[in-house]
Amino acid sequence: MSDPRELRIGIIGCDTSHAIEFTARLNDAGHPGHVAGARVVAAHPTVSPDMPWSQTRAAGSWRN
């Protein structure tokens with residue numbers, strides 16, 4: 001069972017560098033922007049159909 005004080009976070013949309021940066025900040029206690037108790041535990045790589053670049057970015061970003 002997880003710690004009840006832990007904030008488990010999911011990210012929806014992985015088509016920008018924000019998903020990677022927010023995960024780094026929240027999961028790395030040594031990061032200057034770290035939020036104690038918060039942790040990214042899941043991500044769903046959705047795309048924005050009205051932005052063509054979104055499909056190629058989302059397809060690769062979640063694998064990095």
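Helices (H or I, at least four residues) and strands (E, at least two) are DSSP runs, numbered from the N terminus. You are looking at a predicted model, in which local features need pLDDT of at least 70, side-chain atom pairs count only at pLDDT 80 or more, and totals for chains, interfaces and linings use all residues. Residues are numbered from 1 along each chain as its sequence is written, and side-chain values use heavy atoms, with hydrogens and water left out.

**Colour by confidence**

Colour by pLDDT, the predictor's confidence in each residue, from 0 to 100. The average for the protein is 79, and 75% of the residues score at least 70. Now select strand 1 (residues 7-12), which has the highest mean pLDDT among the elements, 92. Helix 2 (residues 52-61) has the lowest, 61.

**Into the core**

Next, select Ile 11, Cys 14, Ala 19, Leu 26, Ala 38 and Val 40, the 6 residues of the largest nonpolar core. Helix 1 and strand 2 each supply at least two residues of this core. Such a core is a set of buried Ala, Val, Leu, Ile, Met, Phe, Trp, Tyr and Cys residues joined through side-chain atoms within 4.5 Å. Buried means under 20% relative accessible area, exposed over 50%, and partly exposed in between (1.4 Å probe, protein chains only). In soluble globular proteins, nonpolar side chains tend to be buried together.

Centre on Val 40. Which residues does Val 40 contact, leaving aside its neighbours within four places in sequence? They are Ile 9, Ile 11, Phe 22, Thr 23, Leu 26 and Asn 27, where contact means heavy atoms within 4.5 Å.

Then move to Cys 14, in the loop between strand 1 and helix 1. Cys 14 counts as buried, at 4% relative accessibility. Draw a C-alpha to C-alpha distance from Cys 14 to Pro 45: the two are 4.8 Å apart in space and 31 residues apart in sequence.

**Two salt bridges**

The whole structure holds 2 salt bridges, each being a side-chain nitrogen of Lys or Arg within 4 Å of a carboxyl oxygen of Asp or Glu. Select Arg 39 and Glu 6, whose closest N and O atoms are 3.0 Å apart in a salt bridge. Arg 39 lies in strand 2 and Glu 6 in the segment before strand 1, so this pair ties together parts that are 33 residues apart in sequence. Arg 39 is partly exposed at 36% relative accessible area, and Glu 6 is partly exposed at 24%.

For the other pair, select Arg 25 and Glu 21, which meet in a salt bridge at 3.1 Å, N to O. Both are in helix 1, 4 residues apart, a separation of about one helical turn. Arg 25 has a relative accessible area of 35% and is partly exposed; Glu 21, at 32%, is partly exposed too.

**Last stop: His 31**

Not counting residues up to four places away in sequence, His 31 touches Glu 21, Ala 24 and Arg 25. Which backbone nitrogen does the side chain of His 31 reach? Show Gly 33: its backbone nitrogen is 2.9 Å from the His 31 side chain.

Conventions:
A polar contact is a pair of N or O atoms within 3.5 Å; within protein, one must be able to donate a hydrogen and the other to accept it, and residues adjacent in sequence count only if both atoms are side-chain atoms.
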